[in-house]
Amino acid sequence: MQRKVLALLFFAALITTLLIFKKSSEKKLTTDNIPADSIEVSWSYTPKEITTQHETTFKFTLTDKNKNLIKNAIIKIEANMNHAGMVPVLADATITTEGLYEAKIKPTMLGDWILFLTITLSDGKVIKKEFYFKTI
Amino acid sequence: MKKKALLHSKLASQIALAFLSILLIAEGLWGSQFAPKNLTTLLVWVHYRGLLVFLLVVWGNAFCLGCPFILVRNAARVFISPKYLWPKKLQNKWIGIFLFVAILFFYEYLSLWADPKKTALVIIIFFLSALMVDLIFKHASFCKYLCPIGQFNFLASSVSPQEVKAININTCLECKTLDCLKGNKTSTEINKRGCELLLLIPKKVGNLDCTFCLDCIDACPHDNIEIASRLPTSELWEDSHRSGVGSFSNRFDLLVFIIIFTFGALLNAFSMVAPAVVIDQFLKNYFNLQSEFLLLLVQFVLFLILLPLIILPKKNKVLIPSLIPLGFSIWIAHYSFHLLTGIFTFVPLLTKMTIPIHLMGAPLSIVTPIQYGVLFLGTLLSITTLLKMTEQKMERIKWVTSFLIIAFLALWIMSLPMQMRGTFLG
């Protein structure tokens, strides 16, 4: 009888733990402060072939819905790959001309990369954008 | 270590891993689906695999000892007792081999390392499979005949420095009750299981099929069983009859599995480097093979069937077990690469702490020599094992040549830069 009670308690503990961790995992997912499509972000990079041998210069242009350049934003960039154990490459974009942002990144591995942009506007609002590229 | 402390440690590790598995299921199903930011993909494919091989090398079959699937199964067996014996015709490793190859295949095909949800489903499937099988069939049928992780651990633990064995063989020879195999009941009528993998201690040789579950240690009324030190690979030197297993020369399934274990290690590493993409492109261009499933199948046939047929000597199959140290060293070199280069990447996920990028993992300048060193040692150990197994000069030359070819292939693969393709989000 004692063993049955212990076994039942064990299963109950597992299920309770699952529900607690479920809530915790869902809570960790962050949402954007403002809709990502309220701002347009276009990008370009040089050289045209992105390799692991040299830095690539990424340029981003931020515009609002009326096509006005957005000034004085802070862009933090995380370059990463979608596999476990990956160490990201981090960079902060610098402002070159009004509304144009630039960052130099050297990918560390061959394959498919994702650029995660965290854009903080001058009014404090935060937007996240993603771009994809491949190294050769 | 004293018997009670050992048994309590086992239970503690099983409970800890059970709750960790629950965390990983939750995180995988409901957490971020970006693999580097999800504990499930990180802890399963980087840390678990790396620690698994590390503990096998320095100790023994630690993860089977602490297996959470078996803890859940044991709890369920309090309510449901299995009635049937595992079918005699299936008392071999063929299904286990199929499942091992299937795991390797679907790991690539479904990009499991990049998919937290699917990784969580793999954990759930393991739990349900162990439960289902062991609630229907008696003993540890799931462990002995099916579990792909267990099959891997059994072979790899032939290189481990520890083994569960009798302290004094004479005590075993005088024993009439065979509690280590049959189990016993104490005066309070609590059953103590005997070995559910059907290994009789006085006739047990080595770590094959031993999950280090310690049921034999618990059941032995003479306290005559211990986890003892031994010379790694010494159990492979002779083709003796092993309790619950038989001899290698009579177990074609085991010999096939050793080959798959070794060449599967090459294949698993190869899938992450550029030549794998080149082969795919060649097949697409010249044979118009567009199906990803078939493209991968071709690579599996190449590595698991064609390469062994080309490289390995055809005679005296009883020497095949000498491959194990080299095969295992390829697994270690591969898994330690992922573990060491990303060892602390879990810290920001668990603690919200930001740690400097250069402290998240070891640089390649440190990791690569470790990989090469491990491969060298594995090759050396296979050669040493072979020299113990045969004195025939021609046989030695042929097998050493095979080892060197395999080692060279492994070195070549490990020297290539890793690349991950087809893993964009969504």
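How do α5(B) and α12(B) lie, roughly parallel or roughly perpendicular to each other? Keep in mind as you look that this is a predicted model.

**Stop one: two helices in chain B.** Select residues 94-109 of chain B for helix α5, then residues 252-270 of chain B for helix α12. Their axes come within 10 Å and cross at roughly 10°. An angle under 35 degrees counts as roughly parallel, so α5(B) and α12(B) are roughly parallel to each other.

Now show some side chains. On α5(B), the residues that meet α12(B) include B:Trp94, B:Phe100 and B:Leu104. On α12(B), pick B:Phe252, B:Val256 and B:Phe261, which are among those meeting α5(B). Colour the whole contact by class and you'll get 11 nonpolar, two polar and two charged residues.

**Stop two: where the chains meet.** Zoom out and show both chains. Here 40 residues of chain A are in contact with 42 residues of chain B. About 3700 Å² is buried between chain A and chain B, with carbon and sulfur atoms giving 72% of that area.

**Stop three: a charged pair.** Select B:Lys37 and A:Glu78. They form a salt bridge, and their closest N and O atoms are 2.8 Å apart.

**Last stop: chain A's side.** Select α1 (2-28), β3 (74-80), β7 (110-120) and β8 (126-135) of chain A: each supplies at least two residues of the side touching chain B. α1(A) gives the most, with 15 residues. By class, that side of chain A has 23 nonpolar, eight polar and nine charged residues.

Note on methods:
Residues numbered from 1 in each chain as written. Chains lettered and ligands numbered in written order. Predicted model: local features only at pLDDT ≥ 70, side-chain atom pairs only at ≥ 80, totals over all residues. Heavy atoms only, no water. Axes fitted to C-alpha atoms, helices over the stretch in contact; angles between N-to-C directions. Helix = DSSP H or I, 4+ residues; strand = E, 2+ residues; numbered from the N terminus. Parallel < 35°, antiparallel > 145°, perpendicular 65-115°, else oblique. Contact = heavy atoms within 4.5 Å. Nonpolar A, V, L, I, M, F, W, Y, C, P; charged D, E, K, R; others polar. Buried area = accessible area lost by both parts, 1.4 Å probe. Salt bridge = Lys/Arg side-chain N within 4 Å of Asp/Glu carboxyl O.
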